[in-house]
Amino acid sequence: MEVIAEKHASITLILLDIDDFKTVNDVYGHLSGDYVIREVSQIIKKQLRSSDIGTRYGGEEFAIVLPGTGQPFGQRIAERICKTVAKYPFEFDHQTMRITLSAGVCHSTVAFNRGEQTMLVDQADEALYCSKRNGKNRVTSAQFK
């Protein structure tokens, strides 16, 4: 994923992953899984500013680029999205599913080249997996190194 940033601009990257998504597909079926992905996409979209970039980043993972923002703002956005998803009534084919997200947030103010973009993504991804390891349904922040 190529992160968009102006030279020396502040940027925050959020990676989000639907917790236990394989179970959703296995228990409720793949059409239910598709429904969940579409609904989570809409929830994310409603939380973003016009300058933000939100995208699906593989299977059940999403990426959000927040240009011109700091770590606290990214943390708040990620927490708000996770809380909204956890409260949302995912209902498909007369069944209600409880869905949660795990998130990783990383912020940088350095000049960006391809290597630094890769490092930002890697560190946000490591923060995401820290959320997964620590019980899911949470947000973990990483400092850009």
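A salt bridge here is a side-chain nitrogen of Lys or Arg within 4 Å of a carboxyl oxygen of Asp or Glu. With that in mind, welcome to the tour.

The model is predicted, so local features need pLDDT of at least 70 and side-chain atom pairs count only at pLDDT 80 or more, while totals for chains, interfaces and linings use all residues. Residues are numbered from 1 along each chain as its sequence is written, and side-chain values use heavy atoms, with hydrogens and water left out.

Searching the whole structure turns up six salt bridges. Let's visit some of them.

**First stop.** Select Asp-17, Asp-19 and Lys-132: salt bridges link these residues in a network. Zoom in on Lys-132 and Asp-19, whose closest N and O atoms are 2.8 Å apart. This pair joins distant parts of the chain, 113 residues apart: Lys-132 sits in helix α4 (residues 114-133), and Asp-19 in the loop between β1 (11-18) and α1 (21-28). Helices (H or I, at least four residues) and strands (E, at least two) are DSSP runs, numbered from the N terminus.

Are these two buried or exposed? Lys-132 counts as buried at 15% relative accessibility, and Asp-19 is buried at 4%. Buried means under 20% relative accessible area, exposed over 50%, and partly exposed in between (1.4 Å probe, protein chains only).

**Second stop.** Now select Lys-22 and Asp-26, a salt bridge with its closest N and O atoms 2.6 Å apart. Both residues are exposed. Because they are four residues apart in helix α1, about one helical turn separates Lys-22 from Asp-26.

**Third stop.** Finish at Glu-126 and Arg-133, where the closest N and O atoms of the salt bridge are 2.8 Å apart. Glu-126 is partly exposed at 46% relative accessibility, whereas Arg-133 is exposed, with a relative accessible area of 55%.
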